[in-house]
Structures are given as C-alpha cells and as structure tokens.
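Please open the structure in a viewer and follow the stops below in order. At each stop, select what is named and compare the display with the text.

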Amino acid sequence: MVVIFVIGYTTIALEHPLKVDKAATALLMGTILWAIYALNGASVLELGFSTSWHHFVEENNLGTLLASFKNGSLSGVQMEHFSESVKEFITQHEVLEHLADISTILFFLLGAMTIVETVDQHQGFKIITDKIKTTNKVKLLWVLSFLTFFMSAVLDNLTTTIVIIALLRKLIDDQKTRWFYAAMVVVAANAGGAFSPIGDVTTIMLWIGGQVTTANIIMKLFVPSLLTMVIPLILLSFTQKGTVTRPVVDKNEESLTTPKQQSILLIMGVAALLFVPVFKTYTHLPPYLGMLFGLSIIWITTELMHKDIKQKVPGFRLTVNEVLRKVDVPTIFFFLGILSAVAALESAGHLDLLAHSLKEAGLGVYAVSTIIGLLSSVVDNVPLVAASMGMYPIDPFHVQYMQDGIFWELIAYTAGTGGSILIIGSAAGVAAMGLEKIDFIWYMKRISLLAMLGYFAGIGTYYVQESFMQEKLEIKPVTQKELPANVNTYLKEKYANYQVEAVNYYVKQGEPVGWAVDLKNNSAAVEAQFLSNGRFFDEKSMDEINSENHAE
C-alpha cells in the first residue's frame, strides 16, 4: 500500500511530462489502495496498528476470535465469521465513515467555489480589484499575501485560497506570473490558518479537543506564523521585477450587472463565507452545512434578481445553474482521490504506526513536531494530528503536554504550515493546484525551498519566544497529611503494599493542578497522579518518567 501511494504521488508530481491529468491518477490511487486493503484485510489488521480496528473489536467482542486467528486455531465456521467481520469493518464501517468525512470537505469546497464564482460572474470582486491600483509586482505580492494571511485567520485557508485566486485572475493576465502569486497565497493562507483556532482544520481539532485555548494559540503562534510568510516574501521580492499586466476587460460583460448588484453580491458572498464558523460554533454541525446555507440564500437572491431576463434569455450566465457548469469538477475529483488514498492508509493503521514509531524513538517535542510538519507536506495533516492526539493525551502534570503545552502549540504550527512545502501538502495547495493548473515540479523547484526556510524560521522563532513566554508548572513538596481524605483512602486501597516516598503539589499560574505521589515497594516504583478535585488521573512507572525527562 505504501509503495502504491508513493508511485501515485510520483505520477501526480510528473503530471505534465506524463501528460496524464492528476485527478485521474489520484482517483486510481485511492481506489486501488482501498481494493488492496479490502482483499487483504485480515492479514493487514492482524498486525494490530489500526486504532479504529481495535475499537471495532472491543465493541463487537471479537477479541477471542482475533486471538484464535493469530494462533491459527480458527475452525471453518469461526474463520468464516471472522472474515465476515473484517469485511464488514472495511466495507461498511471504514469506507462509509471516511466517505462521510471526505464528503463534508468536498461539499464545503463545492459550495465555496460556487459562491465565489457567482460573485465573480456578477463582477462583485471588481469593487476590490478597483481599489488595488498598483501593478508593481513586489507591492502586489505583499498586499495580496497580507490580505490572505488575515483573511485565512477569520475564514479558513481553503476558502481564502479560492477567494484570492478569483481576485488574482482579475489582477494578473499572465498565467506563469500568476503561479508565483498563487503559490504565495497557499503559503500565506496556511500561515494565517495556523495561529487562529478557526483558521485550519487541525487547529480546530486541537481547540475543540481542549489541547489549546483561543487567546493562547493566537498570542504564541502569531509571530512564528507571520515569519513563515514573510521570509519567502522577502526572498521572492528580489526576483520579482517590473509590473504585471492586467486582463483586458470585456466591455459587453460590464453591462450585464449594475454597481448595486455588484455590491449586493460581494456583501452577500463575504457574509456567507464569514457565517460558516459562526454557524458551526452555535449549531455544532459540520461547516459544509453552513456553506450550503449561504449558497442557498445567494442562489434564491440571484434567481429573483434575474427572474425577468432569465425568461427572455435561456442559459443566462449569471444564474447559479449556469455558474455550476463552470465549477472546476476535476479539482473536486482530485480532492476525492487524494483524501481517499490517505483515508485507506489511516484505516489500515499506517499513520498510527508512524505516530507510534515517533513516540518510541524517544525524540523531544521539537523533533517530533518538526517531523510531523514535514510529513504533512505529503500526507494530509488531519489524520496525522488525530494520530498525535491519540498517542499523546493531555497531561496536566507535564509542561510539554498540558493544555497550551509546547507540544500542542508546535503541532498546530507545524501541521498547519508544513503543508506549504509541497503543493499537494494542504487543502489550500490542492485547491490552488486544481484551479490554476500549477505544475507540481514547478512549485517544488521555485517555492518549496522558500516555504521550508519560512517553516524552520517559524520553529526557531517559537523556540526563542518560549524562553521568555513559556508557561510554567510550579511544583511544591508537601506532606502526605496535606492530601485530601479521598486521595489517602484511594492510596490505602490500591497501593496497600507501597510506601509513600514523596508528595508534590502542582500549580499552574496560581491555579491548582493536583498532586503527584511517588510510591515504592520491593519490586516497583511508580508515580500516582491526582487532579485538584481528588480524582485519580494516571499512574506512571519511574522508567517512563525518566524516559520522558530524557526526551524533554
């Protein structure tokens, strides 16, 4: 499966020399990976790397069957039952679950592209492009990059990329010149999405999961994210000389809409996009429903706006029905293929195995986070972050893994910005690649190194910043008598054969976290952790604690 994934990605990268559309390759890669997985499900899942398979086994009481399968002691009937369970897990559980996740992204993308195209057809963006007077390449690059950076923090990187590329088409006529700007839009959109809790899917995951808080993620990641964009911008500014040529405006096209209609559609389009995070926050429904809600309102508005001319001119191009004919369907299929391929690897356990390997390597949080960011330039960052969240649970007694700890902030930054290193490493990049037909090799030659320099500059900035701003865990030695009564009762019941060696009281910014009790008997030494409410939290062996401290 890994070999096919690598071959598929290589073929996508060589799209132009091979003259094979990347959407076709992505679809073929996705379907073949699922087929191999389905045909060899039992032997793949037997390896035990798939977290979702573990949950399925527990929920359906298949532990005994699985153990017998590994021992080779299944009877004919049992083997048939086990095979059916594996088939059900892959074809009914996993395929449908991942299809649901992928569909939310595709419908979100389709809705956003339709809204943007409708506003564009009504020349709503003309109001913005008329305000951007400069044709100087460097000035325009900086203006659009900063516009993208801050828009991405409020919307999200995917939506922002679609909107700004629509603007680029109105501002720059030459396609190769536009590629540089589209590439910087991808870098800026991913950087802007990293420091905002609603700017990227991965930061949303960490925010909802409680790993990071709103004020802290903005404060800690704003400067590193900004530098991630600014470093490539500065370097590109030395190579971009002269002025851009704007597209020639068709005078007949201008007469189709009035200034009032242009303003209405621009305001409605922006409002529809801004409404999506609000809709999600208050309803807790997936963002694509908020996007489709906005599209439906715009659709009804344009139907009523053009009801008279629509009857006189069949196929009038300003209606959403006609706009939908112009939506870039190959980009949708490209997304589907890429996401399906990654979903197959995630379901089979490849990404969980990767996360386990990083954890067992005993690397520090900076090394692990940096590697995950680099990997996110090849593999979708969502399952990578999900696997990391599973491997490294929130630990209020550990400065690296507590809420707003270094690891979670770094993961938010690296997974969000690492995708800029390759054009297919992020949703924004895939969208830009599809919309502007950007060549993978062109991006790798001209942008990847710049994006990587910005990426490492951001990590370095975060490291320096943490020496001044790092949140501290204050540890105070206390006596066993100072423990709550229910904690002492728990210790007597569960650790009757252990001797209390030491008790430490943890405090974060004046707020109590809990107690860590060092216990020892003849054969073992452990640390039992209790939250400030007296509830038992976790037990760690001293070897495990020493290993964590060594990695730190």
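The largest cavity in this predicted model has a volume of about 40 Å³. In total, the structure holds three cavities of 30 Å³ or more. Rolling a probe the size of a water molecule over the atoms shows where empty space is left.

**The cavity lining**

Select D21, K22, A23, P330, T331, F334, G434 and K437, which line the largest cavity. Two elements give two or more residues to this lining, namely α3 (22-39) and α19 (329-348). Which element gives the most to the lining of the largest cavity? That element is α19, with three residues.

Next, display the strands β1 to β5 as a cartoon. They form an open sheet in the order β1-β2-β3-β4-β5, with antiparallel pairing. At the edges stand β1 (473-478) and β5 (536-541); each has a single partner strand, so one side of each is left without a neighbour in the sheet. From one strand to the next, the twist averages 25°.

**From β2 to β3**

Select residues 499-508, which are strand β2, together with β3; nine bridges join these antiparallel strands. Within this pair, Y505 has W515 of β3 as its bridge partner. Then move to the hairpin of β2 and β3, where two residues lie between the strands and Q509 takes a positive phi near 50°.

**Strand β3 and L519**

Now select residues 511-520, the strand β3, and find L519 within this strand. Is L519 buried or exposed? Its relative accessibility is 3%, so L519 counts as buried. The strand as a whole is largely enclosed by the rest of the structure, because seven of the ten residues of β3 are buried.

Leaving aside residues up to four places away in sequence, L519 touches L491, Y495, Y498, Q499, V500, E501, A524, A525, V526 and A528. L491 lies 28 residues from L519 along the chain, and the C-alpha atoms of the two are separated by 9.5 Å.

Follow the chain out of β3 through a hairpin of four residues that joins it to β4. Seven bridges pair β3 and β4 in the antiparallel sense, and D518 stands opposite E527 in β4. Finally, select residues 525-531, strand β4, which pairs with β5 over five bridges, again in the antiparallel sense. To end the tour, select Q529 and look across to D538 in β5, which stands opposite.

Definitions and conventions. Residues are numbered from 1 along each chain as its sequence is written. This is a predicted model: local features need pLDDT of at least 70, side-chain atom pairs count only at pLDDT 80 or more; totals for chains, interfaces and linings use all residues. Side-chain values use heavy atoms; hydrogens and water are left out. On a 1 Å grid over the protein atoms alone, a cavity is a set of points where a 1.4 Å probe fits but cannot get out, and a pocket is an open set with protein on both sides within 12 Å along at least five of seven lines; lining residues have an atom within 4 Å of a point. Grid points are joined across faces, edges and corners, and a volume is the space filled by probe spheres set on the points. Two strands pair if DSSP finds at least two bridges between them. Axes are lines fitted to C-alpha atoms, for helices over the stretch in contact, and angles run from 0 to 180 degrees between N-to-C directions. Buried means under 20% relative accessible area, exposed over 50%, partly exposed in between (1.4 Å probe, protein chains only). Contact means heavy atoms within 4.5 Å.
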